[in-house]
Amino acid sequence: RDSLEDSLIPGVYGHKYPRESMSSVYDWLMPDEETHADERPIGGSTVVIDRINGFLSGTVEALSGPENLRDAIRYALLDGGKRIRPMLAWAGCEAVGGEGLWSLPAGAALELVHAFSLVHDDLPAMDNDDLRRGRPTLHVHAGEAMAILAGDAMLATAFEVLLAEPP
């Protein structure tokens, strides 16, 4: 019979986790041998990516304010990106026995803060980058003032999403 120590997986800060609670996370994060890495995003499931993108899109559509502000947010948030942060939130939720869907508000908030930080980092007063992910940065695309407003709106929306009821 396996000892208790053999059934635990080492984690961060010396914590140990039951192997069975972590196996689904490993299965989810690691593609199976039959699937080529370029056929499947990190996180393994296009369904999860679709859920995350749908939640982010719905969040932007629900925003009040001028359409050109929502367009700028869409440009910065929805076009591109690997969604690593919300996928890790999803996997973490499942790792502790929750439903992945419960993580969508937290994952969306993480992605909103990340997008905000990229938009503000690209501004002329900061790094003054012209390209991000092979496309014009938001301040080049929509103007510096709109980039500042969109970044600020994404940061504020992140907190609003966290305070909302889970899906």
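Helices are DSSP runs of H or I with at least four residues, numbered from the N terminus, and the legends below use these numbers for a predicted model.

**View 1. Met 87 in helix H4 of the predicted model.** Met 87 is found in helix H4, and this residue counts as buried because its relative accessibility is 2%, where the cut-off for buried is under 20%. Met 87 and Ser 103 are 16 residues apart along the chain, and their C-alpha atoms are separated by 8.9 Å.

**View 2. The largest nonpolar core, with 30 residues.** Ile 73, Leu 77, Leu 138 and Met 154 are the residues with the most contacts inside this core. Two or more residues of the core come from each of helix H2 (46-61), helix H3 (67-77), helix H4 (84-95), helix H5 (104-122) and helix H7 (144-163). In soluble globular proteins, nonpolar side chains tend to be buried together.

**View 3. The surroundings of Ile 73.** When neighbours within four places in sequence are left aside, Ile 73 is in contact with Val 60, Leu 63 and Leu 78, and also with Ala 150, Ala 153 and Met 154.

**View 4. Asn 128 in the loop between H5 and strand E3 (131-132).** Asn 128 is not a glycine, although its phi is positive at about 55 degrees. With a relative accessible area of 42%, Asn 128 is partly exposed.

**View 5. Arg 133 in the loop between E3 and strand E4 (135-136).** Arg 133 has a positive phi of about 55 degrees, although this residue is not a glycine. The relative accessible area of Arg 133 is 42%, so this residue is classed as partly exposed.

Note on methods:
Residues are numbered from 1 along each chain as its sequence is written. This is a predicted model: local features need pLDDT of at least 70, side-chain atom pairs count only at pLDDT 80 or more; totals for chains, interfaces and linings use all residues. Side-chain values use heavy atoms; hydrogens and water are left out. A nonpolar core is a set of buried Ala, Val, Leu, Ile, Met, Phe, Trp, Tyr and Cys residues joined through side-chain atoms within 4.5 Å. Buried means under 20% relative accessible area, exposed over 50%, partly exposed in between (1.4 Å probe, protein chains only). Contact means heavy atoms within 4.5 Å.
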